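Hi,

Here is the structure I promised to pass on. Have a look first, and then read my notes below.

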Amino acid sequence: MTDPSVSGQRVDDQAYFDEIVTAATGTLTGDEVLLANISGERTDFIRLNNSDVRQAGSVDQRTLSVDLVEGRRHTTGSIRLSGERGTDDARLATLLTRLREQRTLVADDPFLLYNTEATSTERIERGSFPEPGAALGEIRLAGAGRDLVGIYASGDTYRGFANSLGQRNWFQSSTFNLDWCFYLRADKAAKNLYAGFDWNDDAFAAKVDWSARQVKALEREPISLSPGEYRTYLAPRALEELIQILAWSGAFGLRARETRQTPLLRMLVDDTTLSPMVSITEDTANGVAANFQSAGFVRPDSVPLIVDGAPADALVSPRSAREFGVATNGATDGEYPMSLALAPGDIPTDSVDEALGSGLFVGNLWYLNFSDQAACRTTGMTRFATFWMDDGEIVAPVNVLRFDDTAYHLLGDHLEGLTDTAEVLLDTETYDERSTGSLRLPGALVGAMRFVL
C-alpha cells in the first residue's frame, strides 16, 4: 500500500505514468526500447461476519513493470510507485541499470514480439454504485437477523501501457463486487454474488430474496442421492467453475491448439462439436480488463471462440504469433480469456425452477480438476446450496455429490437450454491486487449430469 498523494494532492495516475516513462526514455542508450506497464487500483473494502463489520479499509497502490529491449535480448523487472517523482525516478533508474547488466547474460529471444506502431488509446468506464458507507447500510439491512458473511469491494482499477516509441494506452474502470453468503451451519450456506458497474436496488433485492429462500430450505433434513445421472440446473456460479477450468487449461488459446494440449482437442481432430446453443466470445468491449496487451497490442472488441457449438478463432499472444507465423489479437501470454461471455439462450431466468421441474439445482461447484483432459472430462464437488426440486419446488437440500462428466455432454448433447439473461461475474481474487477478469454467463439446464459419489 502506497501513499497516493504529494503535498496532500491526489496524483493523476495517467499523467504521472506518462511523465515517468517519458523521463526514462531520455536515459536510454544505443538501440534500447522501453516497454512499460502500470497496474493500479483505488479500492474500498469491507469484510463482514454475522452481518457485522469485521474489517474495513482501503487500498491505493500502483506497480510499474518494464521490459528493457535491445535487439532480441530483453530483461524485465518491476517497482512499486510511491507517487513522489524524485523517489520513483531514482527507483526506476536503479532498476534499468540492473536490467542492462542482466541483459548481457541472456540469450536472444526467438519469440520476442512487441508493437512498433504507435497505437494509442484511452478508455475510461465510470460505474455508478453507493459509497462504502451507504453500501454497508444496504448490505447490513439485507443481513438483518441472519449470519451474512462476505466481502464488499468497490472502486477503480486501471492499466496503462507506454513505450519509448511514443505509444500510450490507458484503461480504467469503476466496479463493485459483493461476494457473500447466508451461513446456516456446517457446510450449509446460501452463497451469492452481486457485481458489476452499476448498482441496482431491485437486482440486489432479488438476489437477497433468493438467498433467503435457499437458506430457509437448508433448514430441512438433507437427503443423499445414489450415484447416477440426474436432470440438473447449473446456476451461473456453478457454470463459471466449468468454464474457468477450460479457459485456464488453454481451451481457447492458439498455442494449446497447435501443440495438441487443448482440452477441446476432439473438436479439432474428430469434428466433435458442442451444442449449437453454445457461442463463446472474448468480449473485451463489455469487460473490465484492459483493451490492450502488455506488449502494446490493442485487443479487438470481440473475438469469437466458439460459434454455434463449433470452434472459431483462437486467442493469440504475441509470442505465439511469432512462433506460429500468424497475427496476434492481443491475448495474454497465457492465452486465457479475460472477459469471457457465453451467449444467453431462451429459458426465462425467472422460470428456471419450472423449466427444471424435477431434478438437481446446483448453485456452486468446487475442487474441479480434469479426470480425462483429452476427453474434456472434469470432476468436482457440489458445494453450499444444492437442492432436489420437484415440480419446480424445493424439496430438500442434497448432501455433497461428486460429478464426473464431459463438456461434450454438459455443453453438448445433454444441454437442453440456457437462460435468457447472463450474469456478470467479476473475479473475486485480490492477491497482490484486484483481478480485472470477468465472465458473463447464463444458467444451463442439463438433461442428464453424471454423479459418481
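For the helix check that comes next, the expected span of a helix is 1.5 Å times one less than its number of residues. Please keep in mind that this is a predicted model.

Let's begin with H1. This helix has 13 residues and should span 18 Å at 1.5 Å a residue; its end C-alpha atoms are 18 Å apart, so the two agree. Its buried residues are Asp13, Tyr16, Phe17, Ile20, Val21 and Ala24. They take up an arc of only 125 degrees around the axis, so they sit on the same side of H1. That spacing makes sense, because an α-helix has 3.6 residues a turn and residues three or four places apart point the same way. As for what lies over the buried residues of H1, the cover includes E3, E4, H2, strand E7 (147–163) and strand E8 (168–185).

Buried in H2 are Asp88, Leu92, Leu95, Leu96, Leu99 and Arg103. Their arc around the axis is only 105 degrees, so they are on the same side of H2. The cover over the buried residues of H2 includes H1, strand E3 (33–49), E4 and E5. Look at the start of H2 as well: a side-chain oxygen of Glu84 comes within 3.1 Å of the backbone nitrogen of Gly86.

Next, the strands. E3 is mostly covered, with 14 of its 17 residues buried. It pairs with E4 in the antiparallel sense over 17 bridges, and Asp44 has Ser58 in E4 as its bridge partner. The hairpin of E3 and E4 has two residues between the strands, and Asn50 there takes a positive phi near 55 degrees. E3 also runs antiparallel to E7, joined to it by 14 bridges; here Ile38 stands opposite Gly160 in E7.

On to the charged pairs. How many salt bridges does a search of the whole structure find? The count is 24. In one of them, Asp13 pairs with Arg62, with the closest N and O atoms 2.9 Å apart. This pair links distant parts of the chain, since Asp13 is in helix H1 (residues 13–25) and Arg62 in strand E4 (residues 52–70), 49 residues apart. Are these two partners buried or exposed? Both Asp13 and Arg62 are buried.

Arg85 and Glu19 form another salt bridge, the closest N and O atoms being 3.5 Å apart. Arg85 is in helix H2 (residues 85–103) and Glu19 in helix H1, so this pair ties together parts that are 66 residues apart in sequence.

Arg73 counts as partly exposed because its relative accessibility is 33%.

Lys207 lies in helix H4 (residues 201–217) and is buried, because its relative accessible area is 17%. Leaving aside neighbours within four places in sequence, Lys207 is in contact with Trp180, Asn192, Leu193, Tyr194 and Glu423.

Ile306 lies in strand E12 (residues 303–307) and counts as buried at 3% relative accessibility. Beyond its neighbours within four places in sequence, Ile306 has contacts that include Phe252, Leu264, Met267, Val278 and Pro311. Ile306 and Pro348 are 42 residues apart in sequence, and their C-alpha atoms are 23 Å apart in space.

Best wishes

Methods. Residues are numbered from 1 along each chain as its sequence is written. This is a predicted model: local features need pLDDT of at least 70, side-chain atom pairs count only at pLDDT 80 or more; totals for chains, interfaces and linings use all residues. Side-chain values use heavy atoms; hydrogens and water are left out. Helices (H or I, at least four residues) and strands (E, at least two) are DSSP runs, numbered from the N terminus. Buried means under 20% relative accessible area, exposed over 50%, partly exposed in between (1.4 Å probe, protein chains only). Contact means heavy atoms within 4.5 Å. A salt bridge is a side-chain nitrogen of Lys or Arg within 4 Å of a carboxyl oxygen of Asp or Glu. The arc is that of the directions from the helix axis to the C-beta atoms. A polar contact is a pair of N or O atoms within 3.5 Å; within protein, one must be able to donate a hydrogen and the other to accept it, and residues adjacent in sequence count only if both atoms are side-chain atoms. Two strands pair if DSSP finds at least two bridges between them.
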